[in-house]
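Trainee: I have just opened this one and would like a walk through it. Where should we begin?

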Amino acid sequence: MTPLTPLTPNTPLTPLTPLVLIHGHPFDRTMWTPQIEEFSATRQVITPDLRGYGTSPLTPDAVTPLSRFAQDIEALLDEAKVESCVLGGLSMGGQIVMECCARFPERVRGVVLADTFPAPETPEGHAARNAMADRLLDEGMGGYADEVLEKMVAPYADAGVKAHVHRMMTATDPRGAAAALRGRALRPDYRPLLTRLTVPALVVVGADDEFTPVAEAEAMHAALPDSTLQVIERSAHMPNLERPAQFNRTLADFLAARIDTAA
């Protein structure tokens with residue numbers, strides 16, 4: 001059994017390709033609420049809580065590499081009897097999508113890479129992620145959540161969106177978050193993978209994202225053989241929540257033009 005809590009809203013009787021959306025750190029599946037509401041009436045939408053996040057159980061691992069998360073996603077697809085899907089992810093979730101493409105490319109019909117990047121960790125970044133893991137274990141999530149809230153979403157974001165993001169961060173178990181940080185510090189270089197990824201790709205980024213600037217998205221778009229780039233104005237690291245109408249329209253256009261017509 002996979003340790004993930006899939007929480008699929010419904011399974012419509014439709015031939016449309018299922019959509020699997022993977023949340024970022026330190027969030028949970030509810031970050032995809034606007035997308036669940038928009039797309040689950042017409043296609044199967046699967047939005048798991050990653051191990052150690054949300055309602056999924058905390059495992060005893062001190063380090064959770066991206067490969068472990070990808071194994072969990074593969075097991076979840078097996079349990080749900082999903083043979084192929086569109087995989088989407090934001091930030092760490094996007095890097096998990098890349099790892100999934102390395103592990104089981106035959107099941108991936110398309111990818112959505114939102115506010116993420118493919119490069120391996122730098123020595124400085126490796127040290128910083130491990131230091132942050134130590135801090136979260138020592139202090140909990142509250143101080144970190146306060147510090148990064150207006151980088152996760154823009155300072156001008158809707159107050160309700162800010163409250164939702166802050167609530168997700170503070171509800172995360174620091175042990176799960178720390179294990180993921182340590183694992184993410186060990187990630188491989190996904191840039192060669194992107195050059196070999198022939199399925200359609202949608203690259204999305206918030207115009208004011210400080211964690212993964214627009215230049216990172218442009219580089220991924222240039223590396224991917226078959227991709228579309230969309231910069232969403234007046235949003236930072238979480239455009240799917242900050243500008244859900246624009247994000248959903250972009251995703252719907254991509255699915256209609258590049259995925260569903262090829263089914």
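Mentor: A word on naming comes before anything else: helices (H or I, at least four residues) and strands (E, at least two) are DSSP runs, numbered from the N terminus. Residues are numbered from 1 along each chain as its sequence is written, and side-chain values use heavy atoms, with hydrogens and water left out. This is a predicted model, in which local features need pLDDT of at least 70 and side-chain atom pairs count only at pLDDT 80 or more, while totals for chains, interfaces and linings use all residues.

Trainee: Okay, where does Lys-81 sit?

Mentor: Lys-81 is in the loop between α2 and β3, and it has a positive phi of about 55° although it is not a glycine. Lys-81 counts as exposed because its relative accessibility is 72%, where exposed means over 50% relative accessible area, buried under 20% and partly exposed in between (1.4 Å probe, protein chains only).

Trainee: And Ser-91, is that one buried or exposed?

Mentor: Ser-91 counts as buried, at 7% relative accessibility. Its place is the loop between β3 and α3, and its phi, near 60°, is likewise a positive value in a residue other than glycine.

Trainee: Back to helix α2, how far apart are its end C-alpha atoms?

Mentor: They are 21 Å apart, which agrees with the 21 Å that the 15 residues of α2 (residues 66–80) should span at 1.5 Å a residue; the expected span is 1.5 Å times one less than the number of residues.

Trainee: What do the buried residues of α2 pack against?

Mentor: They pack against β1 (19–22), β2 (45–46), β3 (85–90), α3 (92–103) and α7 (174–184), and contact here means heavy atoms within 4.5 Å. The buried residues of α2 include Phe-69, Ala-70, Asp-72 and Ile-73.

Trainee: Which side chain does Asp-72 make a polar contact with?

Mentor: The side chain of Asp-72, a residue that is buried at 3% relative accessibility, makes a polar contact with the side chain of Arg-51 (2.6 Å). A polar contact is a pair of N or O atoms within 3.5 Å; within protein, one must be able to donate a hydrogen and the other to accept it, and residues adjacent in sequence count only if both atoms are side-chain atoms.

Trainee: What about Phe-104, which residues does it touch?

Mentor: Leaving aside neighbours within four places in sequence, Phe-104 is in contact with Ala-70, Ile-73, Glu-74, Leu-77 and Leu-87. Phe-104 lies in the loop between α3 and β4 (108–114), and it is buried, with a relative accessible area of 0%.

Trainee: Changing topic, where is Leu-202?

Mentor: Leu-202 is in strand β5 (residues 201–206) and is buried, with a relative accessible area of 2%.
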